[in-house]
Structures are given as structure tokens and as C-alpha cells.
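User: I would like a close look at one helix of this model and at the loop that follows. Please treat the part in a connected way and state the criteria used.

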Amino acid sequence: MAGLLEVTVEERAGVYVIHATGEVDISTAAELREQLDAAPADATRVVADLGGVSFLDSTGLGVLISTHKRLEEGAAGGLELVISARPVLKVLEVTGLLGLFTVHETLDAALAG
Amino acid sequence: MSLDDGGRSQASFDLPADPEMWTLARMGVSAIATGIDFGIDDIEDLRLAVSELCSTCAVGATGESRMVLECSWDKSAISVRCEVNAIGFDEGEEDDLSRRILAALTDEYEVGKLTDGARGGSFRKGREPAGH
């Protein structure tokens with residue numbers, strides 16, 4: 001059942017941006033992890049653009065948490081998220097992890113930050 | 001699909017215990033919830049709860065493992081029961097985030113070892129009152 005998640009990477013205005021579109025679950029989270037792991041340790045900002053993600057489960061959340069912890073020790077200071085879908089935001093809320101990340105409503109807002 | 005003695009409808013899915021199948025499980029339960037006019041927020045909660053239940057029950061699943069998902073419902077609530085066989089259970093691999101999500105999104109849930117080589121769990125979710 002391939003094709004549930006598409007992940008691309010770009011650098012915009014000095015920001016390392018990982019775009020994800022689709023569903024991040026136990027069967028697709030590895031694709032997201034692969035791109036997040038490729039973020040340079042010396043990047044000043046790393047943004048996971050989840051604006052196109054409609055579903056996020058605990059495995060996907062675990063990938064975001066581990067990336068955030070890795071980046072906390074570098075110049076970026078952590079992983080920033082762009083979230084527009086209410087169900088994705090709710091996963092962070094109900095696990096009590098919303099405060100862990102800097103969350104933006106749009107990529108434009110993230111890049112302006 | 002059938003009716004049990006209490007007038008609740010029932011359906012079951014027998015799938016390989018392969019994470020790629022969780023999408024089908026989510027779709028099946030979503031379709032049931034849509035059919036009894038659950039709201040969009042409830043349906044999204046159910047989709048996530050089903051995924052977490054499947055993942056938690058399938059800890060230690062092997063290539064031979066099968067998953068049976070049984071759903072029963074009436075107009076007010078949906079119950080989902082999951083059983084995975086042929087597992088090599090390792091308690092240490094279970095994900096605490098899954099349990100947190102299940103606790104937050106369902107009215108009640110339980111997950112655990114059933115017998116040697118089988119693991120299962122269930123949850124019940126009632127319809128959110130209108131306006132929530």
C-alpha cells in the first residue's frame with residue numbers, strides 16, 4: 001500500500017524544510033524519519049511542514065520527538081512544525097507534547113518567524 | 001455484518017497483522033461510524049484509536065500473525081476488539097504514547113496479553129454530544 005506519504009526536502013531562505021503530504025503512521029513513518037535524519041546538524045532552522053498531513057499516529061509522533069531531541073543540541077535548537085489539520089494537532093494535545101515544539105499554522109508563518 | 005442478541009450491529013475484519021493493513025482497519029471503522037452519523041471529530045478520533053489499538057496489539061507480531069478486528073455498534077457508541085495471534089511478546093516494546101492516545105480518545109480501553117502467543121485489546125467510544 002505504497003504512496004500514502006510523500007516526503008520532499010528543500011532549503012528556503014536558509015531554512016531546511018521537510019514537506020510531508022499524506023498519512024504518517026507506523027507503515028510510513030520511516031520515510032519521514034529518513035528525511036528528518038538527513039537534516040544537517042549545523043542547520044540553523046529545521047521545519048517539518050506537515051501542512052499536507054491528514055493523519056499522524058504515535059509512531060509518527062515518536063519520529064518528530066526523536067528529531068527534536070537531536071536538533072535541540074545543535075544550532076536549530078529543535079524541530080519546528082507546520083500543522084494545519086486539526087486531527088494532527090490533536091495528537092500533540094492529547095499526549096501533552098504540544099508545548100515541546102514550536103508550531104506554526106502555515107509554512108509562510110514559519111519562514112517569517 | 002450481523003446483529004447480536006442486544007440489537008447491536010457487528011462486523012469483523014480478518015487481516016494480516018501487517019502495519020500496512022492498519023489503513024484498511026481505519027477505513028472500515030470510519031465507514032461504520034459514518035453510517036451511524038458520528039461527527040467528523042469522533043470519526044477522526046476513531047481512526048487514530050484504531051491505529052493505536054492495532055499497533056499496540058501487534059507488538060511482537062510475526063509474518064505469520066493474523067489480526068481479527070471485531071466491531072459492534074449502535075447509535076450511541078462503537079466498540080472495537082482486536083486480537084493478534086502468533087506473536088513473540090516483549091513487554092518492553094510497547095509504546096506509552098499509544099496508551100496515552102487511547103486513554104484520551106476513548107471512553108474505556110484495555111490492552112494486554114491474552115494467552116501465550118496471542119495479544120489483544122479493545123476500546124469503546126461513545127458519540128460526542130452535539131456542540132462539542
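Which residue just after H1(B) takes a positive phi?

Analyst: Just after H1(B), the residue with a positive phi is Asp37(B), at about 65°. This is a predicted model, in which local features need pLDDT of at least 70, side-chain atom pairs count only at pLDDT 80 or more, and totals for chains, interfaces and linings use all residues. Residues are numbered from 1 along each chain as its sequence is written, while chains are lettered from A and ligands numbered from 1 in the order in which they are written.

The helix itself comes first. H1 of chain B covers residues 22-35; helices (H or I, at least four residues) and strands (E, at least two) are DSSP runs, numbered from the N terminus. At 1.5 Å a residue, its 14 residues should span 20 Å, and the end C-alpha atoms are 20 Å apart, which agrees. The expected span is 1.5 Å times one less than the number of residues.

The buried residues of H1(B) are Trp22(B), Ala25(B), Arg26(B), Val29(B), Ile32(B) and Ala33(B). Seen down the axis of H1(B), these buried residues fall within an arc of 130°, so they line one face of the helix; the arc is that of the directions from the helix axis to the C-beta atoms. A residue is buried if 20 or more other C-beta atoms lie within 10 Å of its own, exposed if 12 or fewer, and partly exposed in between, with C-beta atoms placed from the backbone.

The buried residues of H1(B) pack against strand S2 (9-16), helix H2 (40-57), strand S3 (66-73) and strand S4 (77-85) of chain B. Two residues are in contact if their C-beta atoms, placed from the backbone, lie within 7 Å. On the face turned away from the buried side, H1(B) carries the exposed residues Ala31(B), Thr34(B) and Gly35(B).

Asp37(B) lies in the loop between H1 and H2 of chain B. Its phi is positive although Asp37(B) is not a glycine. Most residues other than glycine have a negative phi. Asp37(B) is exposed, with 9 other C-beta atoms within 10 Å.
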